[in-house]
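Dear colleague,

I am passing on a structure for you to look through, and my notes on its aromatic contacts follow below.

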Amino acid sequence: MRHRSALPVLVILLVLAGCTGGAPAPEEQSDRSDPALAAAVASLPQRSIGSAPAMRLAPGLVPPTNRWFSGLVFPAAPQPVFPLPLSVGVRDDGFAIALPEVDPTTTTIFGSHRPGLDLGLGTARMLVVRYDDLTVTVAFLDGSGAERGRVLLARGSPYVRYTATTEQRITLDPAMAAGGTVEVLGQRYGLVAGGGAEVAGAGGRLPAGSWVTLFAVPPGGDGALLAEHAAVAVLGGEVAHRIVGDRVVTTLDYRTDGGDTLVGAMPHQDAGPGCTSGTYPTIYGPLVLCAGTSLTVSDPRVEPSDTLDLSGMSDTERTAVAEAVREAAASPMFTASDTYAAGKQLARAANLLRLAGQLGLAGPAGRLRSALAAELRRWTQPDGCASRDTHCFVYDPVLRGVVGLGVAFGSEQFNDHQFHYGYFLYAAAVAARDDPGLAAAVAPVTDLLAADIGAGARTAEFPRARAFDEYAGHSWASGFSPFADGNNQESSSEAVAAYNGLALWAQVRGDPGERERAVVLLSREAAAAVRYYVAPPLQSAEFAGFGHRVVAINWGGKRDYATWFSPAPAAVLGIQLIPMAPVAGYLAGDADRIRADVVEAAASGFDVPFGDYLVMYLALADPAAARAAAAELPDSAIDGGNSRAYLLAWIFSRRLP
């Protein structure tokens with residue numbers, strides 16, 4: 001797994017929907033098959049690569065890989081999750097909520113799960129029985145498999161409600177009375193009970209249908225206000241998007257059982273004038289508590305692109321790029337057999353093809369087009385894996401998704417699918433944009449790659465937008481998330497490139513609805529990449545002690561200046577830049593910041609990991625310095641997914657106002 005990738009407000013609420021006992025009923029949420037997708041999936045060999053874990057998941061649900069709560073389902077033991085502002089440790093016999101302490105060190109901003117308010121249930125097993133874009137519901141079962149009760153965890157809520165399915169006794173640690181508060185490690189927690197629940201001291205009795213709601217009080221906040229809203233249960237969530245001019249507007253709606261709840265707005269969300277109910281510190285910045293049932297996010301619209309603007313290049317620059325294209329087109333292009341390295345090589349060839357076409361290089365363009373088309377046809381032969389072990393795809397009927405052979409970085413566990421398949425989608429879109437025959441030939445499998453990372457609706461075949469977190473505004477890279485710090489994502493730029501490829505492929509397929517959905521993902525991922533990775537606001541007092549301006553891996557419960565593969569500063573910044581696709585203009589910004597970050601990453605020169613991408617990034621702030629650096633850049637510093645031709649074209653296409 002190479003890439004992963006006032007206080008937090010979490011709503012954990014229980015919804016009963018008329019259940020009175022027994023094992024959780026699959027009919028409460030069962031993912032229905034899409035006939036067209038089912039037929040397409042059937043064309044691939046059906047095979048699980050490696051061993052799927054024993055999942056804590058109700059029958060009928062698509063396994064939720066790459067989610068903020070995946071750690072509840074896949075690891076050998078449930079892992080803490082971070083719906084924000086709370087962390088929640090769910091176990092087979094109960095759960096505990098906590099408000100993480102923001103603890104910055106030189107290289108990590110910690111917000112780990114810690115002791116808080118614990119509810120003991122005496123149950124034997126927990127099971128995820130429902131989830132949507134904003135919530136996940138966990139059922140607790142006794143030794144016979146009968147359901148005892150449920151909690152619903154909601155992104156951005158300060159509440160966790162447990163609702164009893166059957167009459168039972170519970171324990172509390174530390175002891176407290178319903179309607180009161182208790183302090184643990186300097187943080188105040190509260191509890192409200194209803195429906196006939198009797199809670200006092202170290203435990204209590206819950207009749208069937210009764211409930212208790214646990215919550216964290218914002219530092220300096222009003223516990224009575226939190227208690228007042230605790231009577232309102234969140235039942236689920238849904239998300240709607242609109243493209244309005246140059247903005248992508250997202251509305252996060254929390255469905256309740258009547259009335260307003262309290263929800264927390266992250267720094268990138270709209271905390272309007274009604275958001276005066278308190279503030280939680282989090283590892284991502286202040287989370288402002290708002291009364292209501294919705295949050296709104298407005299992000300800059302990013303248009304998908306596969307083309308550099310070469311109109312400003314001089315004759316000398318055009319000659320240099322043309323010569324580099326000719327040299328690259330005459331060299332072997334496809335040597336990799338795993339989906340990550342091979343995907344990068346496909347995208348590299350696609351960029352060379354676009355440059356050859358723009359420069360009128362008929363011979364190189366023909367060679368590139370022929371080679372790229374042949375390699376895409378090989379990879380997208382539906383039954384390819386029936387006769388070979390690489391350069392093909394299978395469908396995993398257990399984990400419900402497409403897996404390419406050979407695997408890389410845990411892709412058989414659904415790690416990094418957006419990174420790998422984004423390259424394939426981009427290359428297919430470029431190669432097929434003016435070749436309907438090629439588009440038709442590669443579409444059956446390429447459409448499945450698009451569905452694997454960006455399906456617009458959840459079906460029995462695929463989850464909706466597998467890795468994208470609507471609340472956080474970015475994707476998660478770990479499929480199973482077997483970590484105490486939650487899920488994570490490292491390469492924000494490859495996630496952006498993935499949704500760029502998704503949008504371009506939808507355009508080739510003539511599907512405006514899918515293209516619009518991909519533009520939403522692209523725009524939101526790009527905005528989060530800038531705010532939380534490349535240019536995060538880390539100047540506030542709660543982050544004092546963190547020694548850097550860039551974050552390389554964002555987790556649910558920490559933020560790291562580190563990578564999975566190298567401690568080098570060049571790798572930390574470079575993994576937020578790769579592959580510097582034509583859409584990467586979103587990385588532009590404060591020129592002084594870009595220069596300073598490049599100096600930190602390449603203090604002794606650019607012959608370092610991702611040195612080529614650092615030079616290209618520098619061109620967004622100082623094109624002249626980037627030109628000079630490119631002239632001295634050795635071939636060894638050019639990544640396998642890049643080429644000197646594309647590097648030069650990118651730099652020459654940059655013109656500061």
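Is F462 buried or exposed? F462 is buried, with a relative accessible area of 0%, where buried means under 20% relative accessible area, exposed over 50% and partly exposed in between (1.4 Å probe, protein chains only).

Please bear in mind that this is a predicted model, in which local features need pLDDT of at least 70 and side-chain atom pairs count only at pLDDT 80 or more, while totals for chains, interfaces and linings use all residues. Residues are numbered from 1 along each chain as its sequence is written, and side-chain values use heavy atoms, with hydrogens and water left out.

The structure holds 20 aromatic pairs (rings of Phe, Tyr and Trp, the last by its six-membered ring, with centres within 6.5 Å; planes under 30 degrees apart count as stacked, over 60 as edge-to-face and the rest as tilted). In one of them, the ring centres of F393 and Y421 are 5.8 Å apart and the planes stand at 80 degrees, so the pair is edge-to-face. This pair links distant parts of the chain, since F393 belongs to strand β23 (residues 392–396) and Y421 to helix α6, 28 residues apart; helices (H or I, at least four residues) and strands (E, at least two) are DSSP runs numbered from the N terminus. Both F393 and Y421 are buried.

The rings of Y395 and F462 likewise have centres 5.8 Å apart and planes at 80 degrees, so this pair is edge-to-face. Y395 lies in strand β23 and F462 in the loop between α7 (436–454) and β25 (468–469), so the pair ties together parts 67 residues apart in sequence.

Best regards
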